Amino acid sequence: MRAYLALFRSNMRLTARDRGVLFFNYLFPLIFFFAFAEMFHASTGQGIAYFVGTVLTMGILGNGLWGAGMRSVQDREANILRRFKVTPISPLPILIASMASGLLLYLPVIALIAGLAHVIYAMPLPQHWISLVLMASLGVCAFRAIGSILAAVTNTMAEANILIQLLYMPMLFLSGTTIPSSVLPTWAQTVAEFMPATYLVTGFQGIFFRNQSLLGNLDNVVAVGALLLTTVLGLFLAVKLFRWEKEEKIAPRNRLWVAGVLAPFLIMGCWRSYTKEHIGQNEAIMRDLARSGTFLIRNTRIFLGDGTVKENGTVLVHDGKIVDVFDGAGPDAGKLRADVIEGSGKTLLPGLIDVHVHVSSPGGVWDSSDDYQVDKAIARDDAALLYSGITAARSTGDGLDASLKLRGLIEKGNKLGAQLFVCGPMFTAEGGHGTEFVQYAPKFVQDQVREQLVRIPKTAEEARQQVDDLKKRGVDGIKAILESGFGQSMLYTRMDVGLFQAVAGEARAQNLPLAVHTGDSRDVTDAVDAGAASVEHGSWRDSIPDAVLAKMAHDGIYLDPTLAVAQAYSQYFAGKADALDNSLVQQTVTTNLLTATRNFVSAGKGVDPAKAAIFAKAFAQSKENLLRAWKAGVPLAMGTDAGNPLVFPGPSMHQELKLWVEAGIPAAVALQAATANGAKLLRQGDHIGGIRKGMDANLLLVDGNPLQDIGATERISLVVFKGERLDRPGLFDQK
Amino acid sequence: MSNPIEVDGLKKSYGGLEAVKGVDFEVCAGEVFGLLGPNGAGKTTTVEILEGLRPRSGGRVSVLGCDPGVQTRELKDRVGVCLQSTRLQDKLKVKEAIEVFAALYTRNVDTTQLLKRLQLWEKREAHYSTLSGGQKQRLALALALLNDPQVLFLDEPSSGLDPQARLEIHQLVQDLRAEKRTILLTTHYIEEAEKLCDRVAIVDEGRIIALGTPREIQERTLANSTIEIDCELPVPAGDLPAWQHADKISLDERRTKISVVSTRPARTIVEMVKWLDEAGIELADIHIKRPSLEEAFIELTGKSLRE
């Protein structure tokens, strides 16, 4: 023990007298600290909490690889170690003392960097500071162990230099230490999965940025284990391969031991490349960073979402939330460390909420279904929603797995798209509406598609079981279909009312809002009687009786008239492609799909005068029902049924707004339905759909005043999603 | 009781190269024993095997009853070693070096006294890099003495030092000898071996080619003493007599200087003086040149030490 202490003291003294060591440990990270502060706008956001970890990692890399690695080669080359060889000690005290002194030298760096971040950039101090010290200490020990091995397997300073650079440089540039990983190509991010530095960077980011504890996060626990293993393996091998004199040479094949020490990370890298689970993790962290900023949208008209309008106001956004809403120009941006967006002449709305979309279909007509990949299609459609200012959407009938997966990716920030609320498959009858989509799929996948898209209970018990199973899968609501069809050719088997009631009862018991597709007033009546949360479409064939509307108003059952889809079908079957001339449609729909759809529709391939007439009547009927419902005090929500032909996810919401106003609904009421009411229907009224203190910063800033000219909602100036000012063109491939 | 150092048939090869080809000697308690030989003779290799720094290829070795290849750590704890060249970190202070190395041994001497004795007390706060060659070597000796060792290995202790520093080191070695410590030193300085060593082994090409006190080695060599007598007057013409034990009898041109080589110079001188006296020639001066260890070495190895 005396030997350990004496060697440790001696190391500390020598280190304190070495300017190079002080430079690499303290000054070098400090230079990057201030450079990054500039780069990540540390003064107006949480960027500081993101990069503090990268600066700490940089210090650890230098401390370990150069401090431990190069120093031991130097001591051996100068034959200083030789003097120790004649004393009665093993290499262990020398290696341990070196590790301990490196660690002690490093610990003040944490305090220095975190302290500076706190004092200068107002970074909150980490709550899990024990985790922080632990992570940093493990990092130093592991990297000093790696450094010791590098020293052990090289014969000269020049060799050591090359070998250290070979590890240092990639780790500095690929692990997120200097360049944010999210801007690196996927292959580089994959390479980074093999590097211990990557796990340090993400571990630190978790602690500083996401306030994680080390042991509260599985990824970190695994990383801690790997660092620990590397330390132990490294020390063990460093003792075994230790050389005291420069005259003792080591065979080059021993360099393979480096791989041995890095083995825990090589294994983790292989595992992660195999599972691909962590791809996109870096994007998620950058996402959080982008959402962390502070800014004011100033001097603008604000549609608050509670039915009132502030003609001139200012909204303060910080860390993803609306912090406050002010009258006039609001507070001094400089004092708040906030960016400013001047909103004069514009109107700020809560992000729109489309409560009826099918994101797995594109809204157009494909030349060939070969181009269709469900994951890609729904991600693209969901991004198009966000592009168009729709920040939340309810998927009322999509493949269960694909929509849950996308919801997860968006929730974690791996993908950008409208926040999704998933119903998954639709409850219907054998031969009922919804099952026709299964037939469109190729024979060999039909069973699979059916499983993903529809539920056809045979008994009440089975119906309840199916609802329970969906609840377990994590759906946000249930979709059921009551529809007997139109005219001569569009006839469906209507779901048995008893089964439907079983679904409705279980959905209520499981606290899942029930959305019911209805075709006529009988369907609406049954839906209302069963206690649906919303009636989708309403009646397209007859007037909804006043008594039913009164009950809806009384029970708080929403009507979602989906005028856009009725209008679109009436045009589609009439061979009219006017919808494609809309600017927002052209911005969001791929050129291929746009051309294919235009060719198909214009060529008259979809023309069917009988159906065109049916839908023209349905369109008129649903407008009439909407107006009467509004007058009867029925709560209104807005959906589009996007995904149907010519009903494009995103633009169709703006079309829906226009159609409501055309139908005689005041703009403010339509906007209220498209924002706050939608949020309430999704049971998210406290988080989204309004502009007030504490709500998610989901905002749509448009040029002009949609309260006077509803078309203004299409003239989008800015979309804010969870506090991030979106780069809209970057949301999807501009191809 | 066995000797502190015993070496029997020691061999060491590096790959195909045989550096030590079977060496036998023992060092008695309290003795200063020298290994004398040119660079590359195998001296350092031999010593380092005894110090436990390298494994041997063959033979039997015992230091303080330990086998250096087996009880390495125990041995290292008990002996003192001054390496051929000692290097410490430039910015390490003298007293810190003493402190850190002292901590590695189970037994320590009083470090203050040690520093004073080695005239390093005034330099205790100095960085290693600022020390002179002599001071560095004294520090190296101090490190060797930290554990109060009964056996000391001094590998070329005065190599590369200026004459003054060398004398200081010599004095220290003599002091250590007076303390009855057993010392094995290697050197390629003849005078060092003559001055310091009780016994010397001459090593060349991995073998001991002579072993004994310096005097014994000198006497064992074939080289004889040269006697030169200067006369006041020229020696009369005619042959000089054949004095006993004398050889290579010669006269210079002026016939005033007689030079002979004798295997028994004391005997020969008596006869020569007697003859000159009888011849009525006054003696001006007499020189007796004894063969040096150096000459003995050259004669034994056929090569010079300094090359």
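Author: Two residues count as in contact if their C-beta atoms, placed from the backbone, lie within 7 Å. This is a predicted model. In chain B, residues 24 or more positions apart account for 68% of the contacts with a separation of 6 or more.

Reader: What does chain B contain in the way of helices and strands?

Author: Chain B has ten helices and 13 strands.

Reader: How does the radius of gyration of chain B stand against that of a compact globule?

Author: For 307 residues, a compact globule would come out near 19 Å, but chain B has 25 Å. The C-alpha trace of chain B spans about 80 × 45 × 35 Å along its principal axes. Of the 307 residues in chain B, 40% are buried.

Reader: Where does chain A touch chain B, and how many residues are in contact?

Author: The size of an interface is often given as the accessible area lost when the parts come together. Here the description is by residues in contact: 18 from chain A and 20 from chain B. On the chain A side, helix 1 (2-16) and helix 4 (80-85) each supply at least two residues. Helix 1 of chain A gives the most, with seven residues. By class, the side of chain A that touches chain B has nine nonpolar, three polar and six charged residues.

Reader: How is a pair of packed helices described?

Author: By the angle between their axes and the distance between the axes. Take helix 19 (residues 460-473) and helix 20 (residues 497-509) of chain A: their axes come within 8 Å and cross at roughly 35°. The crossing of helix 19 of chain A with helix 20 of chain A is right-handed. Residues making the contact include A463(A), R464(A) and V467(A) of helix 19, and L499(A), A502(A) and E506(A) of helix 20. The residues of this contact divide into seven nonpolar, one polar and three charged.

Reader: Which strands form the open sheet in chain A, and in what order?

Author: The order is 6-7-8, three strands with parallel pairing. Strand 6 (352-357) and strand 8 (419-422) of chain A each have a single partner strand, so one side of each is left without a neighbour in the sheet. From one strand to the next, the twist averages 20°.

Reader: How many bridges join strand 7 to strand 8 of chain A, and what packs on the sheet?

Author: Four bridges join strand 7 (residues 390-395) of chain A to strand 8 of chain A. S395(A) stands opposite V422(A) in strand 8 of chain A. Helix 16 (residues 400-412) of chain A packs on the sheet and touches strand 7 and strand 8 of chain A. The direction of helix 16 makes about 145° with that of strand 8 of chain A.

Definitions and conventions:
Residues numbered from 1 in each chain as written. Chains lettered and ligands numbered in written order. Predicted model: local features only at pLDDT ≥ 70, side-chain atom pairs only at ≥ 80, totals over all residues. Axes fitted to C-alpha atoms, helices over the stretch in contact; angles between N-to-C directions. Left-handed = near helix turned anticlockwise from the far one by under 90°. Nonpolar A, V, L, I, M, F, W, Y, C, P; charged D, E, K, R; others polar. Pairing = 2+ DSSP bridges. Rg over C-alpha atoms; globule rule 2.2 N^0.38 Å. Buried ≥ 20, exposed ≤ 12 C-beta atoms within 10 Å, placed from the backbone.
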